[in-house]
Amino acid sequence: MIKSDYHLHTSFSSDSESPMEEMILRAISLGLQTICFTEHHDINYPDNPDHFDFLLDLNAYKKTLFQLKEKYKKNIEICYGVELGLMPSTHHQCSAFARQDSFDFIIGSTHIVDFMDPYDAIYFETFPSKSGLEHYFEDILTNVRSFHDYCVYGHLDYAARYIKDPKFNFQYADYSDLLDEILKTIIEDGKGIEVNTAGLKYGMSNPNPHHEILKRYFELGGEILTIGSDGHCPEHMAYDFQKIPDYLKSLGIQYYTIFRNQKPEFVKL
Ligand SMILES: [Zn+2]
Ligand SMILES: [Zn+2]
């Protein structure tokens, strides 16, 4: 069983209302050994109907986390992380944010392309399915080439979750130049990627990223792979984690990764 969830949000993220303590109690009841909170911090997130700003109150977050870390230290290990929303225009600010404190773990993620979140219908109305995904990957490539203050890249094909076209079928070959370049850049930079089980909640047949991307990552020599539910409420903690060991082993993967002080440690599946 996978005992670590390395992608979690609480009420310190704009899009969650879950108190951190409730998340911790759920993790303990599930028998997890380590959890890492990765609250959103998205600099220049565009205006949206929900008025989410996705800016993290780091002092308040840190204070609560370290109080609860101490309170529950006999029951579970709690790590201090953040999910940075990356855009080519905010690399300097994201670096300054990442370097100001000793995070255990930093996820770099693309949530916004051309000031649109693929989660919002307007994105795929502007770019049809295949070109929308291609455009998403282009932005990731720009990010991984010049931004280095992260541990793993989050939900690498996040945009694919929101493609409505029933005829759309992801094929690695359609994006192989871009994806190979992204994966090689991540690997050469000593970074990793994650398996994000939120994709399964959206009715996808596999977690993000698509298994062909995961397979290629390992073929190219990638080793660092964290597992995260991207849960925003207690019920989604460690979502579908029971499916993951067999799934990864079927792709020839034997280890997953956890981080402390931004250093990877490998755990056998
Ligand atoms: Zn994300
Ligand atoms: Zn997230």
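## Basis of the description

Helices (H or I, at least four residues) and strands (E, at least two) are DSSP runs, numbered from the N terminus. The model is predicted, and local features need pLDDT of at least 70, side-chain atom pairs count only at pLDDT 80 or more, and totals for chains, interfaces and linings use all residues. Residues are numbered from 1 along each chain as its sequence is written, chains are lettered from A and ligands numbered from 1 in the order in which they are written, and side-chain values use heavy atoms, with hydrogens and water left out.

## Backbone features

Most residues other than glycine have a negative phi, and most peptide bonds are trans. Histidine 51, in the loop between strand 2 and helix 2, has a positive phi of about 60° although it is not a glycine. Asparagine 208 and proline 209 are joined by a cis peptide bond, with omega about -5°. Proline 209 belongs to the loop between helix 7 and helix 8.

Two packed helices are described by the angle between their axes and the distance between the axes. Axes are lines fitted to C-alpha atoms, for helices over the stretch in contact, and angles run from 0 to 180 degrees between N-to-C directions.

Helix 5 (residues 129-146) and helix 6 cross at roughly 25°, and their axes come within 9 Å. Helix 5 is therefore roughly parallel to helix 6 (angles under 35 degrees count as roughly parallel, over 145 as roughly antiparallel, 65 to 115 as roughly perpendicular and the rest as oblique). The contact (heavy atoms within 4.5 Å) involves Glu134, Phe137, Glu138, Ile140, Leu141, Val144 and Arg145 of helix 5, and Leu178, Leu179, Glu181, Ile182, Thr185 and Ile186 of helix 6. By class, this contact of helix 5 with helix 6 has eight nonpolar, one polar and four charged residues (Ala, Val, Leu, Ile, Met, Phe, Trp, Tyr, Cys and Pro count as nonpolar, Asp, Glu, Lys and Arg as charged, and the others, Gly among them, as polar).

Helix 6 (residues 176-188) also packs against helix 8 (residues 211-219), at an angle of about 50° and with the axes 10 Å apart. That angle makes helix 6 oblique to helix 8. Leu179, Asp180, Leu183 and Ile187 of helix 6 make the contact with Ile213, Arg216 and Tyr217 of helix 8. The residues of this contact of helix 6 with helix 8 comprise five nonpolar, no polar and two charged.

## Packing of helices 1 and 2

Helix 1 (residues 20-29) and helix 2 (residues 58-71) cross at roughly 35°, with axes that come within 10 Å. Met20, Glu21 and Ile24 in helix 1 meet Tyr61, Thr64, Leu65, Leu68 and Lys71 in helix 2. The contact of helix 1 with helix 2 divides into five nonpolar, one polar and two charged residues.

## Pockets

A pocket is found on a 1 Å grid over the protein atoms alone, as an open set of points where a 1.4 Å probe fits, with protein on both sides within 12 Å along at least five of seven lines; lining residues have an atom within 4 Å of a point. The largest pocket has 23 lining residues, and Asp15, Tyr119, Tyr162, Tyr202 and His232 lie nearest its centre. Strand 2 (34-42) and helix 7 (198-201) are the elements that give two or more residues to the lining of the largest pocket. That lining of the largest pocket has nine nonpolar, six polar and eight charged residues.
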